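Colleague: Could you walk me through this one? I'd like to go over the strands, a helix and the aromatic rings.

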Amino acid sequence: MTEYDLLNLQYNHIGEARRDMSRTLTERSRNLSLPRALYNDPFLFRVDMEEVFMKEWLFVGMTCELPTPGAYITVEIGQNPVLVVRDRDGEVRAFHNVCRHRGSRVCTAKKGKVANLTCPYHQWTYDLKGNLIFAGTEMGDGFDKNDFGLKPAHCKTAGGFIYVCLAEGDPPEIDAYLAALDAYMEPYDMANAKVAAESTLEENANWKLVVENNRECYHCSGSHPELLRTLLEWDDTTDPRATPEFKAHYERQAAEWDREGIPHKHVEFGLQNRIVRMPLKEGTAVMTMDGKPACKKNLGRIQNQSLGSMRILHLPNSWNHMQSDHVIVFQVLPISAQRTLVTTKWLVHKDAVEGEDYDVERMRYVWDQTNKQDRELAEQNQKGINSLAYQPGPYSETYEFGVINFLDWYGETILKNLTHDSL
């Protein structure tokens with residue numbers, strides 16, 4: 001078989017995968033986990049990347065990571081390197097991190113600060129708006145620099161969060177969610193925050209298993225003793241598991257939040273985005289082992305340290321916990337059908353001094369342990385699903401409704417985008 005034959009075979013497999021994906025998602029039962037192939041097949045994983053991660057808005061970082069013009073971060077979305085930079089007008093921009101000369105990555109570090117964006121291969125140089133400003137004299141008289149700027153990616157910011165979309169045409173609507181995010185994040189003043197710590201775990205599991213694990217706490221009592229020292233499992237007062245005692249606790253906390261003008265009402269935008277503030281256990285302020293604040297300086301205009309946790313969900317790749325003294329943001333990026341990167345960042349007030357105002361290890365401990373426990377759970381889940389004995393199992397509508405909602409969003413999104421592709 002020639003290389004050409006192999007390429008044609010691969011294209012045929014991809015076409016079959018898209019048809020299989022459409023049929024499987026159309027026929028699936030909402031209350032069952034997904035068929036095995038959707039968790040481990042490399043061709044169906046490619047469909048996930050093309051129809052979700054190449055077309056939907058993705059969380060890539062925080063605006064405070066780009067404090068000054070020329071500050072940048074880079075991120076890998078599948079095989080697509082992306083560069084996010086603050087230009088000299090203060091605007092946050094995103095570009096494909098691909099030189100227009102011969103395709104080398106322009107910025108090779110994870111983060112940095114530059115005057116201009118210079119490709120290390122042949123020194124083609126771009127300004128912070130992506131315009132090519134130098135390509136040497138070797139390109140000939142007919143060469144027009146205006147034709148070879150960096151290719152932009154859609155980029156929006158709100159509440160200190162940066163979202164990027166790689167869609168070639170118009171991106172999905174997200175402005176209503178971003179407006180709410182701006183309002184709910186106002187008390188934290190994230191422009192005056194900084195990253196105090198960061199970790200990245202590579203998990204040997206499909207990205208959907210990583211998200212599914214996050215969307216339920218059915219497993220928490222058996223797996224997360226550190227987290228449950230402060231966390232209450234309920235997602236809202238309408239949660240079917242919520243007790244009268246919890247509802248009374250919420251009302252007392254909500255009255256305090258109202259007095260300080262802290263937004264807390266549950267808002268959601270379809271199944272993709274939601275924001276809700278929930279109290280932690282009585283007598284605890286933040287997610288530390290003793291429930292006491294991890295940083296002496298509160299964020300923004302916050303006075304009350306008992307703000308509970310404002311939980312922000314953005315599918316397909318982010319969940320977050322906002323607290324009075326520090327916030328924790330999570331990013332999920334797939335590598336392959338059975339490998340996923342999970343990045344966690346802890347942020348504090350920019351003037352907080354490590355060792356004086358906060359201890360990094362104390363701040364990190366609960367979620368470091370929780371992340372390691374979740375990695376083990378996801379990896380064991382993946383190993384079981386790879387077995388011939390696996391068949392989709394039932395979700396609990398009481399404890400795993402968040403997983404059902406996630407897979408509903410996933411299925412609807414894939415089918416919508418596949419239908420659009422066929423038009």
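Colleague: Which residue in strand 3 is the bridge partner of Ile-77?

Modeller: Bear in mind that this is a predicted model. Strand 2 (residues 71–77) and strand 3 run antiparallel and are joined by 6 bridges. They make a hairpin with 2 residues between them, and Gly-78 in that turn has a positive phi of about 65°. Across from Ile-77, the partner in strand 3 is Asn-80.

Colleague: And in strand 4, what is the bridge partner of Val-85?

Modeller: Strand 3 also pairs with strand 4 (residues 92–96), antiparallel, over 5 bridges. This hairpin has 5 residues between its strands, with Gly-90 in the turn at a positive phi of about 90°. The strand 4 residue bridged to Val-85 is Arg-93.

Colleague: How many residues of strand 3 are buried?

Modeller: Strand 3 covers residues 80–86 and is mostly covered. Buried here is a cut-off of under 20% relative accessible area. By that count, the buried residues of strand 3 number 6 of 7.

Colleague: Over to helix 5: which residue caps its N-terminal end?

Modeller: Helix 5 (residues 207–214) is mostly covered, with 7 of its 8 residues buried. Among them are Trp-207, Lys-208 and Glu-212. The backbone nitrogen of Lys-208 has a side-chain oxygen 2.9 Å away, and that oxygen belongs to the capping residue, Asn-206.

Colleague: Now the rings. What is the angle between the planes of Trp-124 and Phe-148?

Modeller: The whole structure has 16 aromatic pairs. Trp-124 and Phe-148 form one that is 6.3 Å centre to centre. The pair links distant parts of the chain, with Trp-124 in the loop between strands 6 and 7 and Phe-148 in the loop between strands 8 and 9, 24 residues apart. Planes over 60 degrees apart count as edge-to-face, and this pair is edge-to-face at 80°.

Colleague: Which residue lies over the face of Trp-257?

Modeller: Trp-257 also pairs edge-to-face with Tyr-250, at 5.9 Å centre to centre and 85° between the planes. Both Tyr-250 and Trp-257 are buried. At 5.8 Å from the ring centre of Trp-257, the residue over its face is Arg-277.

Definitions and conventions
Residues are numbered from 1 along each chain as its sequence is written. This is a predicted model: local features need pLDDT of at least 70, side-chain atom pairs count only at pLDDT 80 or more; totals for chains, interfaces and linings use all residues. Side-chain values use heavy atoms; hydrogens and water are left out. Buried means under 20% relative accessible area, exposed over 50%, partly exposed in between (1.4 Å probe, protein chains only). Helices (H or I, at least four residues) and strands (E, at least two) are DSSP runs, numbered from the N terminus. A polar contact is a pair of N or O atoms within 3.5 Å; within protein, one must be able to donate a hydrogen and the other to accept it, and residues adjacent in sequence count only if both atoms are side-chain atoms. Two strands pair if DSSP finds at least two bridges between them. Rings of Phe, Tyr and Trp (its six-membered ring) pair if their centres lie within 6.5 Å; planes under 30 degrees apart count as stacked, over 60 as edge-to-face and the rest as tilted. A charge sits over a ring if NZ of Lys or CZ of Arg is within 6 Å of the ring centre and within 35 degrees of the ring normal.
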